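Here is a structure to talk through together. The questions below ask what lies behind each label, and the answers set a value against its cut-off.

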Amino acid sequence: MAEALSNRTIDIVKATVPALEKGGTAVTDRMYQRLFRTPEIRDLFNQSHHGVTGSQSKALTAAIIAYGRNIDNLGVLASRVERITQKHVGLNILPEHYPYVADALLGAIKDVLGDAATDEVLDAWGEAYWFLADVLKAREASVYAGLAAAPGGWNGWRDFTVESVTLESDIIRSFILVPADGRGVIRHRPGQYLTFALDVPGAGVLKRNYSISSAPDSRSYRISVKREEGLGRPAGLASNWLHDHAKPGTVLKVAPPAGEFFLDEASAGPVVLLSGGVGLTPMMSMLETIAGSGDGRPTWYIHGAENGRVHAMRDRSRALAAQARNITLRTYYNAPDPADVQGRDYDERGFISMDWIVANTPMQEAAYYLCGPRPFLRAMVGGLAGRGVPLGSIHYEFFGPADELLAV
């Protein structure tokens, strides 16, 4: 168990937070520069989050500032700690990796703050870092142990074979994955993701997370991947490689299911699933689970897409709703093609309507699960909270670094 922080450390860390806020991402940018000097540490990270947008550096800056600001009330950071734990487990982060991060972080603080980074300040942040590291290591050890002990479970990287590939839309393909050793798999929680180590020629080993889009079973997983074309930034190396080269028989290295965003299967209360674009992938796992349970749980699935060409799994969601009469579907197309017929292919033109959600879902009783791009989530999370949905009933996932951009 981590030893309690001293009052002196708490005071010093809180006093340095304004300087870190003023510096923006300077400390974390420098930290990653130092950290990535060591190839075996650099290769643990998803480098796509450290490119043009610098999204990982922004996310870590937000996390460090939140930690410093709440260092005397760490209970408010419990959800953030669990999110970091799940990301670390997916990437197979181990205790021996933590000293590298400590050296990089403290060195970065000294580089950026200069004379203000006194020995006293560095000692305080060192104590604070190792306190949090001990909390994370303990939680990660528990998760690793649970994954290894579960039926079909494992730790680290395991070889999976692509069993089949399905074109779901113009830009999304689904891949059915089965273990190369012929054994079973751990039953994931609907909404969780798999982490992949993809050996892409000319790019090295790429680490990527893809949501599981199928209901839990003990034999296989399905992921549904959007081809990232670029549009003003580098095209997605991993997604394009999967689309162009992964075929039946291809072997991929996969870590166990992870993620703190998942359906509460123990509850019988109403559920509202909201997704935009490829954010439908974890929702399909939840929808299949609800339909297969037969428990009659009232469920609404509301999805937004540009048009029918990019709307994946439309027929699958309709079949599930027809099978389970407790499921209500609502589909919005922002820019329907001429071939898209309202009332047949989609329900409404434009973006998902918060007014429709208010009028048609039980906002005080339902659990809301959301996934999609940041603009979608900002609108939906803010809209739900602004209409009185309890914050504890709003659960969301987005693709990218774990941050708290969706303050409500």
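Q: What share of the 408 residues of the protein count as buried?
A: In this predicted model, 52% of the 408 residues count as buried. The label applies to a residue with under 20% relative accessible area.

Q: What makes the radius of gyration of the protein agree with that of a compact globule?
A: For 408 residues, a compact globule would have a radius of gyration near 22 Å, and the protein has 22 Å, so the two agree. Along the principal axes, the C-alpha atoms fill a box of roughly 70 × 50 × 45 Å. The protein exposes about 18300 Å², with carbon and sulfur atoms supplying 53% of that area.

Q: How many helices and strands are there in the protein, and what share of the contacts join residues at least 24 apart?
A: The protein has 12 helices and 12 strands. Among contacts between residues at least 6 apart in sequence, 73% join residues at least 24 apart.

Q: What is the order of the strands in the open sheet, and is the pairing parallel or antiparallel?
A: The 6 strands run in the order 10-9-8-7-11-12, and their pairing is parallel.

Q: Why do strand 10 and strand 12 stand at the edges?
A: Strand 10 (348-349) and strand 12 (394-397) each have a single partner strand, so one side of each is left without a neighbour in the sheet.

Q: How do you know that strand 9 and strand 10 pair?
A: Pairing calls for at least two bridges between the strands, and 2 bridges join strand 9 (residues 327-333) to strand 10. Y333 has R349 in strand 10 as its bridge partner.

Q: Which helices pack on the sheet?
A: Helix 9 (residues 280-293) does, touching strand 7 (271-276), strand 8 (299-305), strand 9 and strand 11 (367-371). The direction of helix 9 makes about 150 degrees with that of strand 7. Helix 10 (residues 314-323) also packs on the sheet, where it touches strand 8 and strand 9. The direction of helix 10 makes about 155 degrees with that of strand 9.

Q: Why is the pair of K14 and D72 called a salt bridge?
A: The cut-off is a side-chain nitrogen of Lys or Arg within 4 Å of a carboxyl oxygen of Asp or Glu. The side chains of K14 and D72 meet at 3.6 Å, N to O, so the pair meets that cut-off. A search of the whole structure finds 21 salt bridges.

Q: Why is K14 called partly exposed?
A: Its relative accessible area is 32%.

Q: Which residues do salt bridges that share partners join into one network?
A: The network consists of R30, R34 and D111. The side chains of R34 and D111 meet at 3.0 Å, N to O. R34 is in helix 2 (residues 26-35) and D111 in helix 6 (residues 98-113), 77 residues apart. R34 counts as partly exposed at 26% relative accessibility, and D111 is partly exposed at 38%.

Q: What is the phi of M313, and why is M313 called buried?
A: Phi of M313 is near 60 degrees, a positive value in a residue other than glycine. Most residues other than glycine have a negative phi. M313 sits in the loop between strand 8 and helix 10. At 5% relative accessibility, M313 counts as buried, since the label needs under 20%.

Key. Residues are numbered from 1 along each chain as its sequence is written. This is a predicted model: local features need pLDDT of at least 70, side-chain atom pairs count only at pLDDT 80 or more; totals for chains, interfaces and linings use all residues. Side-chain values use heavy atoms; hydrogens and water are left out. Helices (H or I, at least four residues) and strands (E, at least two) are DSSP runs, numbered from the N terminus. Contact means heavy atoms within 4.5 Å. Axes are lines fitted to C-alpha atoms, for helices over the stretch in contact, and angles run from 0 to 180 degrees between N-to-C directions. Buried means under 20% relative accessible area, exposed over 50%, partly exposed in between (1.4 Å probe, protein chains only). The radius of gyration is taken over C-alpha atoms; the globule rule is 2.2 Å times the number of residues to the power 0.38. Accessible areas come from the Shrake-Rupley method with a 1.4 Å probe; for residues, only the protein chains shown count as cover.
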